[in-house]
Each structure stands twice: as structure tokens, then as C-alpha cells.
Amino acid sequence: MAEEIKKEAPKLFKVTIDNKTIEVPPGTTILNAARMIGVEVAPPAMCYYSKLEESGGRCRSCLVEVAAGSTADPRPMPKLVASCRTTVMDGMVVNNYSSERVLDARKGVVEFLLVNHPLDCPICDQAGECYLQDFSYEHGKTAASRYEFKKRIFELEDIGPYIKLHMTRCILCYRCVLVADQLTEKRVHGVLKRGDHAEISTYISKAIDNDFSGNMIDVCPVGALTDRTFRFKNRVWFTKPVDAHRDCDKCCGKVTLWQRGEEVMRVTSRKDPWAEVQTIDGKPAWICNDCRFHKKKINDWVIEGPTVISRHSVIAQGHYEGMIKPKETLPEVMGGRDPKLLMDIRKVSGVNSVDISQLPGPATSETFKKKEQ
Ligand code: SF4
Ligand code: FES
């Protein structure tokens, strides 16, 4: 009789983070164990991106304190560790938001990330969905920066037909480089030079031009890589995100449309609560440039319904699901006339009517010419 082979269930490691305990498979990082517990204990992450191999370990925003290494060796770790690169041990005890030391160190990390940052949020297209903005708001110091030297300055750069690089905003997280390495056939950009001179750029005169390059915009946690077909056309909090899909032979075709009225201002991949591209049918739902840049008409898409923005950000504030419109009373007091609550400002302002979403670049004063009387 064949010997019965009894498979032992893999042993799970017990880890406690901010007094909450969870059991996770060996090899899980502290950051992912914390994400499994929930947003209330998950450390911020500016460079780690679970769908990109080799990401993490570059920004230090995810530092945590290991108060006990394991059941076998309960000594604390002497230094704070990067939770995205440190795996759990059985019996490990971790302090994140409950540690003054961690919170203080994070203030320093924010200060460092902002050392060369232009703080141009009022004119940055990423404002409202920028992780650096949220990170500095939640973890930064209230005092001014101690940095006295001039900040680094770079010319704006078109890297390919669809992407504008604002190097001054880059925090060198390497996510876009990893996207180029892992998603596109030939990488033509990367981090050139080192130390204080390090910058993202393309090889001389090369342009990023391939079907999946637009995903670099989605992974950039700041406003360094912006969508040239969307920049300066709207503020993200004025737009209405809806889930939509189309049949696409290059990608999954499942996207979020960002609408202003009926216009599709922008198309992005769908994001999870960690602002990473969602996993759909077991695969990261990266989208192709065709869906992102060339399908800006509402009838290119099958609308599924409002997107639920579950991340902690100003863009999560625009809830309109289940909205109940107030009962209209004005016609009653206006002798039956409808109020022009939904008037198209461009139609009544006397300037030409332009479909902003169809413009190849930003709208300027030249776009809006006064109509011939
Ligand atoms: S451009 Fe954006 S994604 Fe690329 S390294 Fe800089 S911050 Fe990261
Ligand atoms: S998220 Fe861990 S070092 Fe950047």
C-alpha cells in the first residue's frame, strides 16, 4: 500500500503591529502584513509598489520600529527598519503609529523628500491625488525646512509624445524606471548621474514611445510625470471618476474615466486603496496608450458606474453615489421658468465652445477666442 503522504499546512508567522495581531505566510514583509490588518496600521509607502519587482527600499517613508525580533530572539532591532523590505518573523512585535521614534523619523524623511521639491501644488496636476502632498500633510513638521541652499532646477522635458517630465518634483522612487523595465520592450529612460545630481531622463534624443509607457504616469507618486493630454485642463477634485471598459486587443480595457460633465478629461488605470493599479482576473490591470490617450469620447466606453475611491485623500471626498437631488422649487417662484443651474458656461459666456478633452495640449487663452458678434 502506497505510503500516505501527509502534507503539513505551511506554518504561519504571528506578527503584532500597533497592538493588532495577524498570522501571515513566511516571507511576507512587515508592510504587507500591516496592509492585511488595514489602513490604520499600514505605513506610508512612496517607492514600494507591490506590482513591480524590486520596488521599495529607496524612500524610507515606511520606517517602523521592531520592538521584538521574534519569539526565538525577542531582542528589539537597534535601528528603525524599512518595512517594505523587512520580512516578518514568528512572534515579531512592530510599532508604527504607536511609536514616537517612528513619527519623529518620518518628519525627517518628509523634510528630506521636500529638500528639492518646488512646492508648486497650486499649479501641479497631481494635486489632490499626490502621495507626497498627503504624506507631508500627515507626517511632516509644522516648522519650516532647515535647508538653506538653492533647490535644484531643471527645464521641463517632453519624454515622448504623451508624457511631460517635471524633474523638480521627482523623488527618485524608481517606479517609472521599473515600469519601463518590466512592462515595455525597450527601456530608454532611467536615473542618470548619482547623488545630488541624480535625475530621471531619456538617453539623448530618445523618446519614450511604446504601447504601455502611459503607466509610468500612474505609478509616479508625485507630479513629476504628467499626462500631456490632460495637464492644466482641470483640477482632479472637479472631475467625476467612473469605472468603464471597452474591448481592447492590447490590454484589459478596464479603466477609470475622469469626467467633467459629459467630457472625458482623462483616462487612468483603476487604483486600489494603496493607489496601485488594481489586480483584475489575477493580473495587474495596466492599460495601453490607446485606451489612455486616444479614447476620450464617452461613447468609446461602456460605463459601469461611479468609482469608489477608497484611499485616504481629497479625491475620496467627492461621493455622489446614491445622491438625492433636492426637489426643485425655483420654477414655482419663477413663474414656471427653469433656473439655469446647469448652464454651460462656455455657451453663455460669448466665447467659442471648445471640447477641452479633445485638445492635444493644455487649454490657453488662445483656445478661447471671443465669438464674432
Ligand atoms: S518621475 Fe515619478 S515615478 Fe519616476 S522616479 Fe521620479 S517620482 Fe518616481
Ligand atoms: S516604501 Fe519602503 S523605502 Fe520607500
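Against which strands do the buried residues of helix α1 pack? I shall begin with that point and then move along the chain. Please bear in mind that we are looking at a predicted model.

Helix α1 covers residues 30-37, and its buried residues are I30, L31, A33, A34 and R35. These residues pack against four strands, namely β1 (13-17), β2 (20-24), β3 (63-68) and β5 (92-95). Directly after α1 comes G38, which has a positive phi, near 145°.

The protein contains eight helices and 16 strands. It has 373 residues, and 34% of them count as buried. If we take the contacts between residues at least 6 apart in sequence, 63% of these join residues at least 24 apart.

Next, a single residue in a loop. M77 lies between β3 and β4 (81-82). Is M77 buried, partly exposed or exposed? It is partly exposed, because 15 other C-beta atoms are found within 10 Å, while a buried residue would need 20 or more. Apart from neighbours within four places in sequence, M77 has contacts with V66 and G69. As for V94, it stands 17 residues from M77 along the chain, and the C-alpha atoms of the two are 10.0 Å apart.

I turn to a pair of helices. Helix α2 spans residues 100-113 and helix α3 spans residues 131-139; their axes come within 9 Å and cross at roughly 140°. The arrangement of α2 relative to α3 is therefore oblique. In handedness, the crossing of these two helices is left-handed. On the α2 side, the contact is made by R106, K107, V110 and L113, and on the α3 side by L132, F135, S136 and H139. Sorted by class, the contact between α2 and α3 comprises four nonpolar, two polar and two charged residues.

My last topic is a sheet. Four strands form an open sheet in the order β13-β12-β11-β16, with antiparallel pairing. The edges are taken by β13 and β16 (302-306); each has a single partner strand, so one side of each lacks a neighbour in the sheet. From one strand to the next, the twist averages 35°.

Within this sheet, strand β11 (residues 240-245) runs antiparallel to β12 and is joined to it by six bridges. In that pairing, P241 has W258 of β12 as its bridge partner. Strand β12 (residues 254-260) is also antiparallel to β13, again with six bridges, and here V255 is bridged to S269 of β13. The hairpin of β12 and β13 has two residues between the strands, and G261 there adopts a positive phi near 65°.

How values were computed
Residues numbered from 1 in each chain as written. Chains lettered and ligands numbered in written order. Predicted model: local features only at pLDDT ≥ 70, side-chain atom pairs only at ≥ 80, totals over all residues. Buried ≥ 20, exposed ≤ 12 C-beta atoms within 10 Å, placed from the backbone. Contact = placed C-beta atoms within 7 Å. Axes fitted to C-alpha atoms, helices over the stretch in contact; angles between N-to-C directions. Parallel < 35°, antiparallel > 145°, perpendicular 65-115°, else oblique. Left-handed = near helix turned anticlockwise from the far one by under 90°. Nonpolar A, V, L, I, M, F, W, Y, C, P; charged D, E, K, R; others polar. Pairing = 2+ DSSP bridges.
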